[in-house]
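Please read them with the structure open.

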Amino acid sequence: MADLRINLAGIVSPNPFWLASAPPTNTGYQVQRAFEAGWGGAVWKTLGDPIINTSSRFAAIHFNGQRVAGFNNIELITDRPLEINLKEIYETKKRFPNHAIVVSLMVEPNREKWHEIVKKVEAVGVDGLELNFGCPHGMAERGMGAASGQQPDLVEVQTMWVKEAATTPVIVKLTPNITDITSTAKAAVRGGADAISLINTINSLAGVDIDSWNTIPHVGGKGSHGGYCGPAVKPIALHMVADCARNPEVGVPISGIGGISNWRDAVEFMLMGATGVQVCTAAMHHGFRIVEDMIDGLNNYLDEKGLASVTELIGKSVPRYSDWGNLDLNYAVVARIDTDTCINCNKCHIACEDTSHQCIDMLTDDQGQSYLQVREEDCVGCNLCAIVCPVDGAISMIEVSGNDAPMTWNERQEAIGKLSEGEDSTKKEAV
Amino acid sequence: MSEFAQFKLEKQKLDDFVAQKFKIVGVKEDLEGAWLDLEHPGGETANLHLTTANARKYYVSLLLKQEQTQA
């Protein structure tokens, strides 16, 4: 059995599965229940000046039979007094000294306000702080959350203020509602962040009821934008984590967040540079006990891979993630259809004929049976046929060796540029 | 004509030039594709217009080989 312990910027936890700052970590009762179930850590729901929430807060996107493919909320930070939260944090830490308790914080961009809350929270024995610069709704309109997190200078200076007072590791939680998340990640690092966590939720409107014409959710007939999360956002989150992980100017540990629903998702985030992961929607959908499967699955995976520690996964796929301009233009795959497995539904043919490169032929054999065949010379290896195919294994993408050496777009442009050196019109862009 | 058939035609033309010892000495790429200037060691020159993506990829592979040979 592998060692699942992680150490994120000095915050140690028995496994990489933490609950994210959100409704599941609202109270001591919940966090203690989560630790009993097996979660390695929890980021306490954001503390700050207590707010008042609306009734009707969540909405979900169900897609083709999959419930909660995406999840939307308009809930804000804690609505409970600081003292009550601190008492429960103290009690929880006392009961679970080996579990990680990180507390999410959000106050207005004011040095004294940050100092005050940091000192109060650290006094009850937390393992770390997470600065919420990501909440996209309600708090942003008051100049906090994503409103701060979208401005690198505010991220930097507020991180600096927190670091002036903090004695525990400081994690800066980033908003995805920005063009380039590395700009705020770098700002956090400049401010002294010990780690970053990402992503917070994405601006969203879950839907509109086409009968009542109300937004989903609505509060007495009115709605506002919320934060989107759940499995649907995983690819966006994974990209942002990877972008931070491969940027040498970031260079601090990452706590990965965004649609992580099972151990496989966690492995993907860790391979892409996360030291640990935070989970919310999956726990809200299925309850705290999903962590049992996560731990078992991760353990089995590590054993199968012959890895002694989960930390051996961290960042292993980062070197494989680059810019488009560094991809080999001479690498080629083509689709091959296994006619024994194919059910002749023709979805691949239609997809290829209508929306790709018209290279799957419908043919008839000697016995008069129809079959599908790829004209490999015309196949560009787009994967669409394999994606739409309903039968596992019926279409495989096969690597075909070419005669030409690897050549990236950037190398191509450099070669053309060299040929035309001295001519003004020959500047070639690299990407 | 399929994209591949068109590529084969363009590739054949380029391979023919290379077989005759022509070298790529200049290129201009624009909205219509790549316009190659070729030159034979004997001084003869030629032009070739390549339109397909694979041909525009292929000629640079040749160009890289040409550079390696010259180096």
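1. Chain A contains 13 helices and 20 strands; helices (H or I, at least four residues) and strands (E, at least two) are DSSP runs, numbered from the N terminus. This is a predicted model, in which local features need pLDDT of at least 70, side-chain atom pairs count only at pLDDT 80 or more, and totals for chains, interfaces and linings use all residues. Residues are numbered from 1 along each chain as its sequence is written, chains are lettered from A and ligands numbered from 1 in the order in which they are written, and side-chain values use heavy atoms, with hydrogens and water left out.

2. Along the principal axes, the C-alpha atoms of chain A fill a box of roughly 80 × 60 × 55 Å. Of the 431 residues in chain A, 53% are buried (under 20% relative accessible area, with exposed over 50% and partly exposed in between; 1.4 Å probe, protein chains only). Taking contacts in chain A (heavy atoms within 4.5 Å) between residues at least 6 apart in sequence, 71% join residues at least 24 apart.

3. Helix α1 of chain A spans residues 28–37, and its buried residues are Gly28(A), Val31(A), Gln32(A), Ala34(A), Phe35(A) and Ala37(A). Their cover includes β3 (17–19), β4 (41–47), β7 (100–105), α2 (82–95) and α10 (290–305) of chain A. Gly38(A) follows α1(A) and has a positive phi, near 125°.

4. In chain B, strands β1 (residues 23–30) and β2 (residues 33–39) run antiparallel and are joined by 7 bridges; two strands pair if DSSP finds at least two bridges between them. The two strands form a hairpin with 2 residues between them. Val27(B) has Leu36(B) in β2(B) as its bridge partner.

5. β2(B) also pairs with strand β3 (residues 45–50) of chain B, in the antiparallel sense, over 6 bridges. Here the bridge partner of Ala34(B) is Leu50(B). The hairpin of β2(B) and β3(B) has 5 residues between the strands, and Gly43(B) takes a positive phi near 105° in this hairpin.

6. How many residues of chain B are in contact with chain A? The count is 18 residues of chain B against 13 residues of chain A. The two chains bury about 1,300 Å² between them, with 56% of it on carbon and sulfur atoms; buried area is the accessible area (1.4 Å probe) that two parts lose on being put together, summed over both. Phe4(B), Glu29(B) and Lys57(B) supply 32% of the area that chain B buries against chain A, more than any other three residues.
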